[in-house]
Amino acid sequence: MTMGNTGRWTLRPAAPADVETIAELRATVMRADLERLGRYDEHRVRQRLRDAFFPRHTSIIEVDGETAGCVTVRPADGRHWLEHFYLAPRHQGRGLGSAVLRAVLGRTDEQGVTVALNVLRGSSARRLYERYGFVMETEDPVDVFMARPPARSEP
């Protein structure tokens with residue numbers, strides 16, 4: 001798929017060998033928000049990804065053949081959980097996140113499934129999710145939990 005100035009992007013299935021690349025990406029992308037919340041721990045930020053890595057539910061986002069990010073869509077509790085949606089900083093702010101989110105939500109809409117996620121309080125990513133119909137369900141001192149029902153297709 002091509003998206004404006006993002007280059008040609010694709011989603012490929014993740015493999016177990018991708019875990020360290022994604023753990024490093026997570027540490028880079030989340031550092032500022034976690035530091036702002038007083039929650040950054042150099043080891044823990046990577047280990048939490050390793051402990052919750054599900055290759056069969058994860059896609060690697062590639063731009064022109066290079067790893068640019070990842071996204072996980074994991075079924076649980078009658079929903080699909082959007083998790084580990086990270087883009088390398090050089091790929092942010094160019095429409096790639098929106099393009100990937102549209103593709104993911106298109107699939108879940110076809111399946112008629114609600115999508116849920118959590119985002120760190122104060123994270124700029126919340127605005128992206130709100131633009132695509134996610135609304136807050138609950139929050140705690142660190143996370144905001146959001147959900148989006150499937151879009152209805154016209155008959």
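**Labels and their cut-offs**

Q: Why is Arg126 called partly exposed?
A: Arg126 has a relative accessible area of 26%. Buried means under 20%, exposed means over 50%, and partly exposed is in between (1.4 Å probe, protein chains only), so Arg126 counts as partly exposed. Keep in mind that this is a predicted model: local features need pLDDT of at least 70, side-chain atom pairs count only at pLDDT 80 or more, and totals for chains, interfaces and linings use all residues. Residues are numbered from 1 along each chain as its sequence is written, and side-chain values use heavy atoms, with hydrogens and water left out.

Q: What makes Arg126 and Glu130 a salt bridge?
A: Their closest N and O atoms are 2.9 Å apart. The term asks for a side-chain nitrogen of Lys or Arg within 4 Å of a carboxyl oxygen of Asp or Glu, so this pair qualifies. Both residues lie in helix α4, four residues apart, which is about one turn of the helix. Helices here are DSSP runs (H or I, at least four residues), as strands are (E, at least two), numbered from the N terminus. Glu130 is partly exposed too, at 38% relative accessibility.

Q: Why are Arg36 and Asp33 about one helical turn apart?
A: Because they are three residues apart in helix α1. In general, side chains of opposite charge can pair when their charged atoms come close.

Q: How many salt bridges does the structure hold?
A: Twelve.

Q: What makes something a pocket, and what volume does the largest one have?
A: On a 1 Å grid over the protein atoms alone, a pocket is an open set of points where a 1.4 Å probe fits, with protein on both sides within 12 Å along at least five of seven lines. Lining residues have an atom within 4 Å of a point; of the 41 here, the closest to the centre are Met30, Phe85, Tyr86, Ala125 and Tyr129.
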